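Reader: Hi! Could you walk me through this model while I have it open?
Author: Happy to, go ahead and ask.

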Amino acid sequence: MSWHPQYRSSKFRHVYGKAASKDKCYDCVPITRNVHDNHFCAVNPSFIAVVTECAGGGAFLVIPIKQTGKLDPHYPKVCGHKGNVLDIKWNPFNDFVIASCSEDATVKIWDIPNQLLKRNITTPKKELLGHARRVGLIEWHPTADNILFSSGYDYKIMIWNLDVKDAVLSKPVKILDAHKDVVLSMSFNTDGSLLATACRDRKIRVIDPRAGTVLQEGSYKSHKVNKVLFLGNMKKLFSTGTSGWNNRQIALWDQNDLSVPLLEEDLDGSSGLLFPIYDSDTHMLYVVGKGDGNIRYYEISPEKPYLNYLMEYRSHSPQKGIGMMPKRGLDVAACEIFRFYKLIPTKSLIEPISMIVPRRSESYQEDIYPLTAAAQPALTAQEWLNGINKGPLLVSLRPGSEAVNSLPQFLEPEPLMKAADLSQKQGGGGRISLEDKQKPREIEGGRKRLKVEEKLPKTEQMCLSNGFDIFECPPPKTENELLQMYYRQQEEIRRLRELVIQRDVQIKQLELELRNLCMDKGSY
């Protein structure tokens, strides 16, 4: 029997990692020596924050993103904790607010000034006092404003509402007490209605955070889990850990059945932790090794084999932690689809690494930049606490574009569609998913916007061919360009077929939503 290799058509199979030149790195940064298994770095389009060494308490540095080169040894710190800082996270909806947690059992919220720091910041905006032991993890809610989750060594996860005037909060709005050991990892699904956790008792749990109930719980004897991650709206979880032979291992799980993994794979025999990072826009999964210089990346597909290995970025400098730039801070002109900030404590260096799709054209590449999460919340804190779910507000990365309303993604995000494809959008359901429990008038408003866009002048529609802009992507002149265009069209046809299949499911879900709304109104 002859062997036939399987060829996959993918826009991202040639993605490569490119390290920044020395003048674009951050040098002489005293990176923490703490052995806690966290990223120790948080990045947004304005600042890079990194946990640092500090005598007598804990501190972190906040450096303007454009201030590269050597750091002044007397550069001001954010220092108000009495113990080592274990985790830091930027508010996803405010580039000037950061949360930190520490061994002193507190969580602090800090306001960072717009101008360059001239003195140490010692007074936090808010202080959260609820944990009995050190706090190891914090996570901001992905769609609701001012909702923060914290997890401590008292085995509790606490939910905080920061939409209050009090500077010191001692009572969280909810305490999740489902764990019997230390929580090692937390991850939200796209709309923040579910929380996945990995615990030191080797179990993965899927929790409804508002109800406090464990929806799914599972462990597998040959997989000792360390980190767990929701894979967007794919109804799957990804975990990293170790096997029975202490090999580093990755596993893929069905979110509704955690008894047996869908896929399990040993990577190598190194001892360092593996940090999983998922980009729901491109469906690319990055696995970053702590203690080595490698970043493996895969493409996730909804059907078998689920996990498709693409490439590995290799470096001789081992990373202690990693930071990720939000999509809105990327250089779209260079076809950059992801950017890491690698902490190298042996060199006191922070090195940016850009993941780039090789393209010849210098124009905006719409097919690799679908709508992505904007910097505005979809819900207030109280709306989320009252039980409302809503997907993230979406924005185009095209220079000069504005945020669009919340249209939660389908299984596979598509490029921003033009007028010629809007009729297909209405037939196949487009980008609207019923995970977003919108009110009927909001759904109707979305339909009206589509109808308005359909009435564009015919001259504008003439510029489009199969969803591609002729001026930005001229007709192919060589055989290679013709093949590339053919593969792009095949990908588009496959995607549209999937949308047609999902249409009936969406109609049934809509009917169910409307029936539930009618029942709710009837109960009043």
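Predicted model: local features only at pLDDT ≥ 70, side-chain atom pairs only at ≥ 80, totals over all residues.

Reader: Thanks. Where is Ser317 found?
Author: In the loop between β28 and β29, the latter being residues 321-324. Strands here are DSSP runs of E with at least two residues, helices are runs of H or I with at least four residues, and both are numbered from the N terminus.

Reader: And which residues is Ser317 in contact with?
Author: Leaving aside neighbours within four places in sequence, Ser317 touches Asp292, Gly293, Lys342, Ile344 and Lys347. Contact means heavy atoms within 4.5 Å.

Reader: Which side chain makes a polar contact with the Ser317 side chain?
Author: That of Lys347, at 3.1 Å. A polar contact is a pair of N or O atoms within 3.5 Å; within protein, one must be able to donate a hydrogen and the other to accept it, and residues adjacent in sequence count only if both atoms are side-chain atoms.

Reader: Now the sheets. What is the order of the open sheet that has β25 in it?
Author: It has four strands in the order β25-β26-β27-β28, with antiparallel pairing. The edge strands, β25 (274-279) and β28 (307-313), each pair on one side only. On average, neighbouring strands of this sheet are turned by 25° against each other, direction ignored. Two strands pair if DSSP finds at least two bridges between them. For the angles, axes are lines fitted to C-alpha atoms, for helices over the stretch in contact, and the values run from 0 to 180 degrees between N-to-C directions.

Reader: How many bridges join β26 to β27?
Author: Five, between residues 284-289 and residues 295-300, and the two strands run antiparallel. Met284 stands opposite Glu299 in β27.

Reader: Which residues does the cis peptide bond at Pro305 join?
Author: Lys304 and Pro305, with omega about 5°. Pro305 sits in the loop between β27 and β28.

Reader: What about the open sheet with β17 in it, what is its order?
Author: The order is β17-β18-β19-β20, again four strands with antiparallel pairing. Its edge strands are β17 (183-188) and β20 (213-218), each pairing on one side only. Neighbouring strands there are turned by 20° against each other on average, direction ignored. Five bridges join β19 (residues 204-208) to β20, where Asp208 has Thr213 as its bridge partner.

Reader: Switching to β11, which residues are on its covered face?
Author: Lys126 and Leu128, while Glu127 and Leu129 are on the uncovered one. In a regular strand the side chains alternate between the two faces of the sheet.

Reader: And what sense does β11 pair in with β10?
Author: The antiparallel sense, over four bridges, with β10 covering residues 106-111. Val107 has Leu128 as its bridge partner in β11. Strand β11 also runs parallel to β15 (residues 168-169), joined by two bridges, and there Glu127 has Val168 as its partner.

Reader: Last one: how many helices and strands does the protein chain have?
Author: Five helices and 36 strands. Buried residues make up 52% of the 524 residues.

Methods: Residues numbered from 1 in each chain as written. Heavy atoms only, no water. Buried < 20%, exposed > 50% of the residue type's maximum accessible area, 1.4 Å probe, protein only.
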